[in-house]
Amino acid sequence: MLVRYRYRLDPTPAQQRQLARTFGCARWVYNECLRVRDGAHAGGEKVTDTEVQRRAVTLARQRAETAWLSEVASVPLVQACQDARRAYRNWFDSLRGQRKGRRIGHPRFRRKHGRQSIRLTRNGFALNGDQLYVAKVGDITVRWSRDLPSVPSSVTVIREPDGRYYASFVVDRAETPLPAAGRNAGIDLGLTTFAAVAYDDGTVENVANARHLRAAQRRLARAQRALCRKQKGSANRAKARRRVAVHHRKVRDQRADHHHKLALRLIRENQAVAVEDLAVAGLCRTRLARSVHDAGWATFVRLLREKADQYGRQVVTIGRFEPTSQVCSACGVKDGPKPLGVREWTCRACGASHDRDANAARNVLVAAGLAETRNACGAPVRPSGSPARSVEAGTHRGAA
Ligand SMILES: [Zn+2]
């Protein structure tokens with residue numbers, strides 16, 4: 001299975017200058033590819049991928065005004081053409097309805113500010129002892145925080161907005177299946193907590209965002225407010241922008257750490273894990289909730305999949321036809337829409353009282369076919385059942 005391994009890089013000042021030049025050239029080529037394709041599209045002309053690359057790289061290198069393209073290696077420029085082709089194709093497929101998921105727009109032009117990156121295939125880089133050789137840049141020092149499991153097939157060299165450099169290698173890693181686990185789980189993306197997890201033994205778990213993550217988010221918000229107050233173009237504003245980028249990185253790292261640990265635990269402890277299809281889940285959420293949660297959710301589901309592949313487990317996605325927060329997980333009756341503020345409600349059909357997120361997680365488990373019936377989720381109705389451990393199941397029994 002193909003996975004990514006990421007390491008810090010420590011390029012020398014001269015290497016940083018050459019990398020900056022390469023980032024700039026790759027960005028120009030990427031944008032030029034989009035311009036060529038847009039122009040051809042508008043003029044009704046059919047251009048092949050080879051022709052786009054000829055115009056954006058080969059011919060551009062020969063022109064006097066873009067001769068600086070020859071100062072950098074050609075591999076990242078060719079990869080930039082391929083990235084642009086992929087982005088353009090995704091947009092086209094989405095327009096024609098041939099692509100799953102949310103509608104995507106015209107590919108965006110790459111900008112000078114923000115994250116910069118170049119992609120290199122085997123003929124553009126090499127592992128030279130402890131160093132990473134990048135064509136026309138030289139041997140860059142790598143902080144090897146862990147061993148690579150195999151020889152990488154490609155690498156992306158990244159400069160983050162906070163000034164740090166990284167190498168992200170694509171490597172092939174052998175699978176290591178775990179012995180079978182006797183439990184399944186359904187997950188619902190929470191609004192107040194990170195997620196609610198319902199297990200087919202009737203238990204429910206609420207997973208909160210870690211406290212240090214919330215603290216980091218508060219510090220990020222404060223840094224962003226400070227940035228807004230600084231005068232445009234001033235040295236203080238540049239400093240404040242850098243501080244915001246540092247806080248962004250800390251939030252990102254802590255969130256990634258939290259996601260990794262949770263995904264690993266869920267995959268280790270359960271045979272199958274059910275989640276909502278993101279495209280469907282997105283439709284049912286308010287704009288605010290969507291913007292806050294979806295990015296994190298997509299990454300988390302990707303991690304779950306990766307770890308399931310690694311350890312021989314299953315991830316089941318469900319398309320949602322009814323909003324899971326409106327359906328009673330005990331009797332299956334749709335109880336009507338609930339405003340976001342409603343955390344707990346009682347089913348009018350069967351009298352079961354529900355925590356909003358836990359109920360939704362149980363519906364995910366049932367919809368994925370991982371719990372046999374709705375009633376199987378509530379331990380009390382099992383003939384030879386395990387003791388009821390969840391609050392909801394207990395309340396259900398009391399009310400029924
Ligand atoms: Zn009910």
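Colleague: Before we start, how are residues numbered, and what pLDDT do local features need?

Modeller: Residues count from 1 along each chain as its sequence is written. This is a predicted model, so side-chain atom pairs count only at pLDDT 80 or more, totals for chains, interfaces and linings use all residues, and local features need pLDDT of at least 70.

Colleague: Which strands stand at the edges of the open sheet of 5 strands?

Modeller: Helices (H or I, at least four residues) and strands (E, at least two) are DSSP runs, numbered from the N terminus. Two strands pair if DSSP finds at least two bridges between them, and here the pairing is mixed, in the order E10-E9-E8-E11-E12. Two of the strands have a single partner each, so one side of each lacks a neighbour in the sheet: E10 (204-207) and E12 (314-318).

Colleague: Do E11 and E12 run parallel or antiparallel, and which residue in E12 does Val275 stand opposite?

Modeller: Strand E11 (residues 272-276) is joined to E12 by 5 bridges, and the two run parallel.

Colleague: Which residues of helix H3 are buried, and what do they pack against?

Modeller: Buried means 20 or more other C-beta atoms within 10 Å of a residue's own, exposed means 12 or fewer, and partly exposed is in between, with C-beta atoms placed from the backbone. In H3 (residues 75-95), the buried ones include Val75, Leu77 and Cys81. Contact means C-beta atoms, placed from the backbone, within 7 Å, and the buried residues of H3 pack against helix H1 (13-42), helix H2 (49-62) and strand E2 (116-121).

Colleague: Where is Lys136, and is Lys136 buried or partly exposed?

Modeller: Lys136 is in the loop between E4 and strand E5 (138-143). Its phi is positive, near 65°, in a residue other than glycine. Most residues other than glycine have a negative phi. Because Lys136 has 15 C-beta neighbours inside 10 Å, it counts as partly exposed.

Key
Expected span 1.5 Å × (residues − 1). Contact = placed C-beta atoms within 7 Å.
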